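Please look at the sequence and the structure together before reading on.

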Amino acid sequence: MTGSRESPLAPRGFTLIEVVVTIVIGAIAGSLVVSQLGTSLFRSADSVFAVRNEGLAEAWLERITADYVKELNSVNYASVLATIQARDYSAAPYNMPASVALTRTYVTYDAAGLEAAVGGGTSTNLKVIVRAGEARLTSVLTAERTSGGDPYATY
């Protein structure tokens, strides 16, 4: 009976050189991947901050618009813009965070529809700009109304 037996000295597995070459190639490939994706990994939070800031600006503009509608529906709606212009949104009960910037300016529009600032006086238009980070939202409020009182009082 003749059997085929492998010699106990037959090579099995990888040699040390093969293992070292594989590690070096893997390290080079890994460094290329990290260098290409590294920037996007660090910048992936930028979109989260942009959405957060936009939501923050929108929330504050909605709050100011709600105050405007409440004042507009009051009995003395002629002074609504002066009330919104003078209101301190950084103090209690509003407590607008310092990261939100609020600009209120009286504006008017010429016959061509171009905006012109009203220096020091009042106008029938108040331009409100809310900024939070890179997000910027603008609204123009007006004191003109066709009738007095709350239009929803009949509901």
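Why does N95 count as partly exposed? N95 counts as partly exposed because its relative accessibility is 48%; by definition, buried means under 20% relative accessible area, exposed means over 50%, and partly exposed lies in between, computed with a 1.4 Å probe on protein chains only.

The structure is a predicted model, in which local features need pLDDT of at least 70 and side-chain atom pairs count only at pLDDT 80 or more, whereas totals for chains, interfaces and linings use all residues. Residues are numbered from 1 along each chain as its sequence is written, and side-chain values use heavy atoms, with hydrogens and water left out.

**The loop between α2 and β1**

Helices (H or I, at least four residues) and strands (E, at least two) are DSSP runs, numbered from the N terminus. N95 is placed in the loop between α2 and β1. Although N95 is not a glycine, its phi is positive, at about 55 degrees. P93 also has its place in the loop between α2 and β1. The peptide bond that joins A92 and P93 is cis, with omega about 5 degrees.

R87 lies in the loop between α2 and β1 as well. R87 counts as buried because its relative accessibility is 19%. Its side chain makes a polar contact with the side chain of D67 at 3.5 Å; such a contact is a pair of N or O atoms within 3.5 Å, where, within protein, one must be able to donate a hydrogen and the other to accept it, and residues adjacent in sequence count only if both atoms are side-chain atoms. Neighbours within four places in sequence aside, R87 is in contact (heavy atoms within 4.5 Å) with D67, E71, Y94 and R104.

Y94 also belongs to the one aromatic pair of the structure, together with Y89. Rings of Phe, Tyr and Trp (its six-membered ring) pair if their centres lie within 6.5 Å; planes under 30 degrees apart count as stacked, over 60 as edge-to-face and the rest as tilted. The pair of Y89 and Y94 is tilted, with 4.7 Å from centre to centre and 55 degrees between the planes. Both Y89 and Y94 are buried.

**The sheet**

Four strands form an open sheet with antiparallel pairing, in the order β2-β1-β3-β4. The edge strands β2 (115-117) and β4 (135-142) each pair on one side only. Two strands pair if DSSP finds at least two bridges between them. Two of the pairings are set out below.

| Strands | Bridges | Residues opposite each other |
|---|---|---|
| β1 and β2 | three | Y109 and E115 |

**The nonpolar core**

A nonpolar core is a set of buried Ala, Val, Leu, Ile, Met, Phe, Trp, Tyr and Cys residues joined through side-chain atoms within 4.5 Å. The largest such core has 21 residues, of which L81, I84 and V130 touch the most other members. The elements that give two or more residues to this core are α1 (16-72), α2 (80-86), β1, β3 (125-132) and β4. With six residues, α1 gives the most. Apart from its neighbours within four places in sequence, L81 has contacts that include Y68, Y106, L126 and L141.
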